[in-house]
Amino acid sequence: MLSRLSPLAQRTISPRLLSNAQRTLVNISYPSPKIAVLELDRPPVNSLSLEMSAKIVESIKEIESNPEVQAMVLKSSNPKIFSAGLDITEMNRPTVARLEDFWRNIQTLFLTLYSTRLSTIASIDGHSPAGGCLLAMSCDYRIMSATPSYKIGLNETKLGIAAPYWLKDLFVTTIGYREAEVGLALGKLYSPKEALEIKLVDELVDSPVIDVALKRADEWASIPEKGRVASKVMLRGAMIQDLEEKREMDVGWFRDFIMEEGVQKGIEGYLKNLSKK
Ligand SMILES: CCCCC/C=C\C/C=C\CC/C=C/CC(=O)SCCNC(=O)CCNC(=O)[C@H](O)C(C)(C)COP(=O)(O)OP(=O)(O)OC[C@H]1O[C@@H](n2cnc3c(N)ncnc32)[C@H](O)[C@@H]1OP(=O)(O)O
(Lines give C-alpha, C1' and ligand atoms only; values in the text may rest on other atoms or scores of the structure.)
Protein backbone atom coordinates (compact mmCIF):
# COMPACT_ATOMS: atom_id res chain seq x y z
CA MET A 1 0.00 0.00 0.00
CA LEU A 2 2.45 2.63 1.21
CA SER A 3 4.90 1.30 -1.36
CA ARG A 4 2.48 2.38 -4.13
CA LEU A 5 3.29 6.03 -3.32
CA SER A 6 6.27 7.63 -5.04
CA PRO A 7 9.51 7.58 -3.01
CA LEU A 8 9.31 11.39 -2.65
CA ALA A 9 5.74 11.21 -1.34
CA GLN A 10 6.76 8.44 1.05
CA ARG A 11 9.52 10.63 2.49
CA THR A 12 7.51 13.86 2.75
CA ILE A 13 3.98 12.79 3.70
CA SER A 14 3.20 13.34 7.37
CA PRO A 15 2.26 10.08 9.14
CA ARG A 16 -0.82 11.95 10.48
CA LEU A 17 -2.10 12.35 6.93
CA LEU A 18 -1.84 8.70 5.99
CA SER A 19 -5.20 6.99 5.55
CA ASN A 20 -5.72 3.69 7.36
CA ALA A 21 -5.43 1.88 4.03
CA GLN A 22 -1.86 3.19 3.77
CA ARG A 23 -0.90 2.50 7.38
CA THR A 24 0.67 -0.62 8.77
CA LEU A 25 -2.01 -0.52 11.56
CA VAL A 26 0.50 -1.81 14.10
CA ASN A 27 4.19 -1.13 14.68
CA ILE A 28 6.65 -3.62 16.12
CA SER A 29 9.89 -2.64 17.84
CA TYR A 30 12.45 -4.47 19.95
CA PRO A 31 13.86 -2.35 22.82
CA SER A 32 15.98 -5.37 23.84
CA PRO A 33 16.51 -8.88 22.45
CA LYS A 34 13.98 -10.49 24.82
CA ILE A 35 11.29 -7.79 24.62
CA ALA A 36 8.97 -6.74 21.79
CA VAL A 37 6.63 -3.77 21.74
CA LEU A 38 3.48 -4.07 19.65
CA GLU A 39 1.96 -0.63 19.12
CA LEU A 40 -1.66 -0.30 17.94
CA ASP A 41 -1.80 2.40 15.27
CA ARG A 42 -5.22 2.74 13.70
CA PRO A 43 -6.44 6.33 14.07
CA PRO A 44 -8.59 7.84 15.27
CA VAL A 45 -9.34 5.38 18.11
CA ASN A 46 -7.61 2.02 17.39
CA SER A 47 -10.94 0.33 16.80
CA LEU A 48 -10.76 -3.31 15.80
CA SER A 49 -11.85 -3.78 12.19
CA LEU A 50 -11.46 -7.13 10.45
CA GLU A 51 -8.14 -5.99 8.94
CA MET A 52 -6.87 -4.56 12.25
CA SER A 53 -7.59 -7.83 14.11
CA ALA A 54 -5.89 -9.85 11.37
CA LYS A 55 -2.87 -7.53 11.50
CA ILE A 56 -2.49 -7.86 15.27
CA VAL A 57 -2.64 -11.66 14.99
CA GLU A 58 -0.06 -11.65 12.19
CA SER A 59 2.22 -9.42 14.31
CA ILE A 60 1.96 -11.60 17.42
CA LYS A 61 2.90 -14.62 15.28
CA GLU A 62 5.84 -12.73 13.82
CA ILE A 63 7.08 -11.83 17.31
CA GLU A 64 6.54 -15.39 18.60
CA SER A 65 8.56 -16.80 15.73
CA ASN A 66 11.75 -15.39 17.26
CA PRO A 67 12.57 -17.85 20.07
CA GLU A 68 14.69 -15.28 21.89
CA VAL A 69 11.71 -12.98 22.54
CA GLN A 70 10.02 -13.74 25.87
CA ALA A 71 7.75 -10.78 26.54
CA MET A 72 5.57 -8.41 24.57
CA VAL A 73 4.24 -5.02 25.62
CA LEU A 74 0.94 -4.03 23.98
CA LYS A 75 0.53 -0.25 23.71
CA SER A 76 -1.19 2.42 21.65
CA SER A 77 0.20 5.15 19.43
CA ASN A 78 -2.70 7.37 20.57
CA PRO A 79 -1.77 9.36 23.71
CA LYS A 80 -5.27 9.10 25.23
CA ILE A 81 -6.92 5.98 23.80
CA PHE A 82 -5.67 2.41 24.19
CA SER A 83 -8.46 1.01 21.98
CA ALA A 84 -12.13 1.96 21.53
CA GLY A 85 -12.95 -1.72 21.05
CA LEU A 86 -14.61 -3.34 18.07
CA ASP A 87 -15.08 -1.15 15.04
CA ILE A 88 -18.80 -0.51 15.43
CA THR A 89 -19.16 0.27 11.73
CA GLU A 90 -18.39 -3.43 11.05
CA MET A 91 -21.67 -4.26 12.83
CA ASN A 92 -23.73 -1.52 11.17
CA ARG A 93 -25.81 -2.96 8.29
CA PRO A 94 -23.07 -5.43 7.29
CA THR A 95 -23.25 -8.23 4.74
CA VAL A 96 -23.59 -11.60 6.45
CA ALA A 97 -20.34 -12.85 4.89
CA ARG A 98 -18.28 -9.86 6.11
CA LEU A 99 -19.90 -9.98 9.57
CA GLU A 100 -19.10 -13.67 10.01
CA ASP A 101 -15.55 -13.16 8.80
CA PHE A 102 -15.15 -10.17 11.12
CA TRP A 103 -16.22 -12.26 14.11
CA ARG A 104 -13.93 -15.18 13.21
CA ASN A 105 -11.05 -12.68 13.17
CA ILE A 106 -12.05 -11.31 16.59
CA GLN A 107 -12.17 -14.86 18.00
CA THR A 108 -8.73 -15.57 16.52
CA LEU A 109 -7.38 -12.36 17.99
CA PHE A 110 -8.58 -13.34 21.46
CA LEU A 111 -7.33 -16.94 21.15
CA THR A 112 -3.92 -15.84 19.86
CA LEU A 113 -3.29 -13.13 22.44
CA TYR A 114 -4.70 -15.13 25.36
CA SER A 115 -2.69 -18.24 24.56
CA THR A 116 0.61 -16.85 23.30
CA ARG A 117 3.78 -18.32 24.82
CA LEU A 118 4.96 -14.72 25.28
CA SER A 119 4.43 -12.90 28.56
CA THR A 120 2.11 -10.06 27.64
CA ILE A 121 1.97 -6.71 29.40
CA ALA A 122 -0.82 -4.25 28.55
CA SER A 123 0.38 -0.65 28.73
CA ILE A 124 -2.99 1.10 29.01
CA ASP A 125 -2.38 4.80 28.59
CA GLY A 126 -5.93 5.89 27.78
CA HIS A 127 -9.55 4.78 27.37
CA SER A 128 -10.09 1.06 27.00
CA PRO A 129 -13.77 0.22 26.60
CA ALA A 130 -15.28 -3.11 25.47
CA GLY A 131 -12.95 -4.74 22.91
CA GLY A 132 -10.15 -2.53 24.31
CA CYS A 133 -10.78 -4.11 27.70
CA LEU A 134 -10.81 -7.53 25.98
CA LEU A 135 -7.30 -6.86 24.62
CA ALA A 136 -6.11 -5.77 28.07
CA MET A 137 -7.69 -8.75 29.88
CA SER A 138 -6.15 -11.15 27.37
CA CYS A 139 -2.69 -10.02 28.49
CA ASP A 140 -0.88 -11.49 31.51
CA TYR A 141 -0.45 -8.16 33.33
CA ARG A 142 -2.18 -4.79 33.07
CA ILE A 143 -0.69 -1.39 33.90
CA MET A 144 -2.92 1.66 33.51
CA SER A 145 -2.34 5.38 33.69
CA ALA A 146 -3.84 6.85 36.88
CA THR A 147 -5.42 9.72 34.87
CA PRO A 148 -8.90 9.88 36.49
CA SER A 149 -10.82 10.66 33.27
CA TYR A 150 -9.78 7.40 31.57
CA LYS A 151 -12.28 4.56 31.51
CA ILE A 152 -12.03 0.79 31.16
CA GLY A 153 -14.72 -1.91 31.23
CA LEU A 154 -17.33 -3.74 29.18
CA ASN A 155 -20.04 -1.29 28.08
CA GLU A 156 -21.75 -3.54 25.48
CA THR A 157 -25.22 -3.31 27.06
CA LYS A 158 -25.13 0.47 26.54
CA LEU A 159 -25.01 -0.23 22.79
CA GLY A 160 -27.94 -2.64 23.08
CA ILE A 161 -25.70 -5.69 22.63
CA ALA A 162 -24.29 -8.34 24.96
CA ALA A 163 -20.72 -9.48 25.41
CA PRO A 164 -20.17 -12.94 23.91
CA TYR A 165 -20.06 -15.81 26.42
CA TRP A 166 -16.27 -16.18 26.25
CA LEU A 167 -15.70 -12.47 26.97
CA LYS A 168 -18.10 -12.81 29.93
CA ASP A 169 -16.01 -15.80 31.09
CA LEU A 170 -12.81 -13.77 30.77
CA PHE A 171 -14.38 -10.93 32.78
CA VAL A 172 -15.56 -13.32 35.52
CA THR A 173 -12.12 -14.97 35.63
CA THR A 174 -10.46 -11.57 35.97
CA ILE A 175 -12.67 -9.75 38.49
CA GLY A 176 -14.94 -12.39 40.05
CA TYR A 177 -18.58 -13.35 39.53
CA ARG A 178 -20.53 -10.70 41.44
CA GLU A 179 -18.53 -7.71 40.21
CA ALA A 180 -18.78 -9.08 36.65
CA GLU A 181 -22.54 -9.57 37.02
CA VAL A 182 -23.07 -5.92 37.98
CA GLY A 183 -20.44 -4.56 35.57
CA LEU A 184 -21.89 -6.41 32.58
CA ALA A 185 -25.53 -5.61 33.32
CA LEU A 186 -24.85 -1.90 33.74
CA GLY A 187 -22.26 -1.72 30.96
CA LYS A 188 -20.05 -0.15 33.58
CA LEU A 189 -16.91 1.76 32.65
CA TYR A 190 -14.50 2.02 35.58
CA SER A 191 -12.06 4.80 36.45
CA PRO A 192 -8.44 3.63 36.86
CA LYS A 193 -8.82 3.76 40.67
CA GLU A 194 -11.99 1.62 40.57
CA ALA A 195 -10.37 -0.75 38.06
CA LEU A 196 -7.44 -1.29 40.44
CA GLU A 197 -9.81 -1.89 43.36
CA ILE A 198 -11.61 -4.73 41.54
CA LYS A 199 -8.32 -6.05 40.05
CA LEU A 200 -9.35 -5.33 36.48
CA VAL A 201 -5.89 -3.78 36.26
CA ASP A 202 -2.86 -4.78 38.29
CA GLU A 203 -1.06 -1.47 38.71
CA LEU A 204 -1.65 2.28 38.27
CA VAL A 205 1.15 4.67 37.41
CA ASP A 206 1.56 8.44 37.19
CA SER A 207 4.79 8.27 35.24
CA PRO A 208 4.74 7.31 31.54
CA VAL A 209 3.01 3.92 31.51
CA ILE A 210 5.36 2.51 28.91
CA ASP A 211 8.41 3.00 31.19
CA VAL A 212 6.87 0.83 33.90
CA ALA A 213 5.51 -1.65 31.32
CA LEU A 214 9.02 -2.19 29.96
CA LYS A 215 10.34 -2.78 33.49
CA ARG A 216 7.62 -5.36 34.16
CA ALA A 217 8.31 -6.98 30.78
CA ASP A 218 11.95 -7.37 31.83
CA GLU A 219 10.86 -9.09 35.07
CA TRP A 220 8.46 -11.47 33.28
CA ALA A 221 11.06 -12.20 30.58
CA SER A 222 13.53 -13.35 33.24
CA ILE A 223 11.32 -16.30 34.31
CA PRO A 224 12.34 -19.58 32.63
CA GLU A 225 9.98 -20.12 29.73
CA LYS A 226 9.02 -23.79 30.16
CA GLY A 227 7.49 -23.50 33.64
CA ARG A 228 5.95 -20.12 32.93
CA VAL A 229 4.20 -21.35 29.78
CA ALA A 230 3.09 -24.59 31.49
CA SER A 231 1.43 -22.50 34.24
CA LYS A 232 -0.27 -20.33 31.65
CA VAL A 233 -1.61 -23.36 29.79
CA MET A 234 -2.93 -24.83 33.08
CA LEU A 235 -4.78 -21.62 33.90
CA ARG A 236 -5.98 -20.65 30.43
CA GLY A 237 -6.22 -23.96 28.55
CA ALA A 238 -9.83 -24.80 29.45
CA MET A 239 -11.24 -21.49 28.20
CA ILE A 240 -9.23 -21.70 25.00
CA GLN A 241 -10.34 -25.26 24.30
CA ASP A 242 -13.95 -24.40 25.03
CA LEU A 243 -14.05 -21.59 22.46
CA GLU A 244 -12.08 -23.67 19.93
CA GLU A 245 -14.87 -26.25 20.14
CA LYS A 246 -17.69 -23.71 19.90
CA ARG A 247 -16.30 -21.27 17.35
CA GLU A 248 -18.87 -21.80 14.62
CA MET A 249 -21.74 -21.90 17.09
CA ASP A 250 -20.51 -18.57 18.48
CA VAL A 251 -20.30 -17.11 14.95
CA GLY A 252 -23.95 -18.11 14.47
CA TRP A 253 -25.04 -16.50 17.78
CA PHE A 254 -23.18 -13.32 16.92
CA ARG A 255 -24.56 -13.15 13.35
CA ASP A 256 -28.17 -13.80 14.39
CA PHE A 257 -27.96 -11.32 17.26
CA ILE A 258 -26.35 -8.50 15.29
CA MET A 259 -28.58 -8.92 12.22
CA GLU A 260 -31.77 -8.45 14.28
CA GLU A 261 -33.54 -5.26 13.22
CA GLY A 262 -33.85 -3.95 16.80
CA VAL A 263 -30.12 -4.45 17.41
CA GLN A 264 -29.30 -2.74 14.10
CA LYS A 265 -31.39 0.28 15.13
CA GLY A 266 -29.57 0.43 18.47
CA ILE A 267 -26.13 0.30 16.80
CA GLU A 268 -27.18 2.98 14.30
CA GLY A 269 -28.35 5.28 17.10
CA TYR A 270 -25.17 4.70 19.12
CA LEU A 271 -22.98 5.54 16.11
CA LYS A 272 -24.96 8.72 15.40
CA ASN A 273 -24.49 9.89 18.98
CA LEU A 274 -20.77 9.14 18.85
CA SER A 275 -20.28 11.23 15.70
CA LYS A 276 -22.46 14.09 17.02
CA LYS A 277 -20.34 14.52 20.16
C1 LIG B 1 -28.13 -15.19 23.73
C2 LIG B 1 -27.62 -14.48 22.56
C3 LIG B 1 -26.44 -13.64 22.92
C4 LIG B 1 -25.60 -13.62 21.71
C5 LIG B 1 -24.39 -12.80 21.91
C6 LIG B 1 -23.48 -13.16 20.83
C7 LIG B 1 -22.55 -12.38 20.45
C8 LIG B 1 -22.32 -11.05 21.07
C9 LIG B 1 -22.85 -9.93 20.30
C10 LIG B 1 -22.19 -8.82 20.21
C11 LIG B 1 -20.88 -8.61 20.89
C12 LIG B 1 -20.21 -7.46 20.32
C13 LIG B 1 -19.08 -7.05 21.19
C14 LIG B 1 -18.74 -5.78 21.19
C15 LIG B 1 -17.59 -5.27 21.92
C16 LIG B 1 -17.18 -3.88 21.46
O17 LIG B 1 -16.02 -3.59 21.49
S18 LIG B 1 -18.33 -2.81 20.87
C19 LIG B 1 -17.50 -1.24 20.77
C20 LIG B 1 -17.69 -0.52 22.04
N21 LIG B 1 -16.88 0.71 22.06
C22 LIG B 1 -17.36 1.84 22.49
O23 LIG B 1 -18.51 1.95 22.89
C24 LIG B 1 -16.42 3.02 22.46
C25 LIG B 1 -17.01 4.14 21.72
N26 LIG B 1 -16.08 5.28 21.64
C27 LIG B 1 -15.92 6.14 22.64
O28 LIG B 1 -16.48 6.05 23.71
C29 LIG B 1 -14.99 7.30 22.37
O30 LIG B 1 -14.76 7.36 20.99
C31 LIG B 1 -13.62 7.23 23.09
C32 LIG B 1 -12.93 5.91 22.87
C33 LIG B 1 -13.83 7.47 24.61
C34 LIG B 1 -12.72 8.36 22.55
O35 LIG B 1 -13.38 9.61 22.66
P36 LIG B 1 -12.88 10.85 21.78
O37 LIG B 1 -13.74 12.02 22.18
O38 LIG B 1 -11.42 11.01 21.86
O39 LIG B 1 -13.17 10.43 20.26
P40 LIG B 1 -14.58 10.45 19.50
O41 LIG B 1 -15.64 9.87 20.34
O42 LIG B 1 -14.81 11.81 18.96
O43 LIG B 1 -14.29 9.43 18.32
C44 LIG B 1 -13.50 9.79 17.19
C45 LIG B 1 -14.09 9.12 15.97
O46 LIG B 1 -13.98 7.71 16.14
C47 LIG B 1 -15.27 7.10 16.00
N48 LIG B 1 -15.33 5.93 16.90
C49 LIG B 1 -15.17 5.93 18.22
N50 LIG B 1 -15.25 4.69 18.70
C51 LIG B 1 -15.49 3.88 17.65
C52 LIG B 1 -15.65 2.47 17.51
N53 LIG B 1 -15.59 1.63 18.55
N54 LIG B 1 -15.88 1.99 16.28
C55 LIG B 1 -15.94 2.80 15.22
N56 LIG B 1 -15.79 4.16 15.29
C57 LIG B 1 -15.55 4.68 16.50
C58 LIG B 1 -16.24 8.20 16.40
O59 LIG B 1 -17.50 7.96 15.86
C60 LIG B 1 -15.57 9.41 15.79
O61 LIG B 1 -15.84 9.39 14.42
P62 LIG B 1 -16.09 10.74 13.60
O63 LIG B 1 -17.23 11.45 14.26
O64 LIG B 1 -16.39 10.29 12.22
O65 LIG B 1 -14.80 11.51 13.73
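Because it is predicted, local features need pLDDT of at least 70 and side-chain atom pairs count only at pLDDT 80 or more, while totals for chains, interfaces and linings use all residues. Residues are numbered from 1 along each chain as its sequence is written.

Let's start at the ligand. There are 27 residues around it, and Gly85, Leu86, Ala130, Gly131 and Ser275 come nearest; a residue is near if its C-beta atom, placed from the backbone, lies within 6 Å. The shell divides into 17 nonpolar, seven polar and three charged residues. Here Ala, Val, Leu, Ile, Met, Phe, Trp, Tyr, Cys and Pro count as nonpolar, Asp, Glu, Lys and Arg as charged, and the others, Gly among them, as polar. Helix 9 (225–259) and helix 10 (261–276) each supply at least two shell residues, and helix 9 gives the most, with three. Helices (H or I, at least four residues) and strands (E, at least two) are DSSP runs, numbered from the N terminus.

Now look at helix 3, residues 96–115. Among its buried residues are Phe102, Trp103, Ile106, Leu109, Phe110 and Leu113. Buried takes 20 or more other C-beta atoms within 10 Å of a residue's own, exposed 12 or fewer, and partly exposed falls in between, with C-beta atoms placed from the backbone. The cover over the buried residues of helix 3 includes helix 2 (50–64), strand 4 (119–124), helix 4 (131–138), helix 5 (165–175) and helix 9.

The largest nonpolar core has 70 residues, and Ile121, Ile124, Ala136, Ile143 and Ile152 touch the most other members. Helix 3 gives the most to this core, with seven residues. Such a core is a set of buried Ala, Val, Leu, Ile, Met, Phe, Trp, Tyr and Cys residues joined through C-beta atoms within 7 Å.

Next, find the open sheet of three strands, ordered 5-7-8 with mixed pairing. Strand 5 (128–129) and strand 8 (189–190) are at the edges with a single partner strand each, so one side of each has no neighbour in the sheet. Strands pair if DSSP finds at least two bridges between them.

Most residues other than glycine have a negative phi, and most peptide bonds are trans. The bond from Pro43 to Pro44, however, is cis, with omega near 5 degrees. Asn46 has a positive phi near 55 degrees and is buried, with 27 other C-beta atoms within 10 Å. Arg93 also has a positive phi, about 50 degrees, but counts as exposed, with 10 C-beta neighbours inside 10 Å.

Methods: Expected span 1.5 Å × (residues − 1). Contact = placed C-beta atoms within 7 Å.
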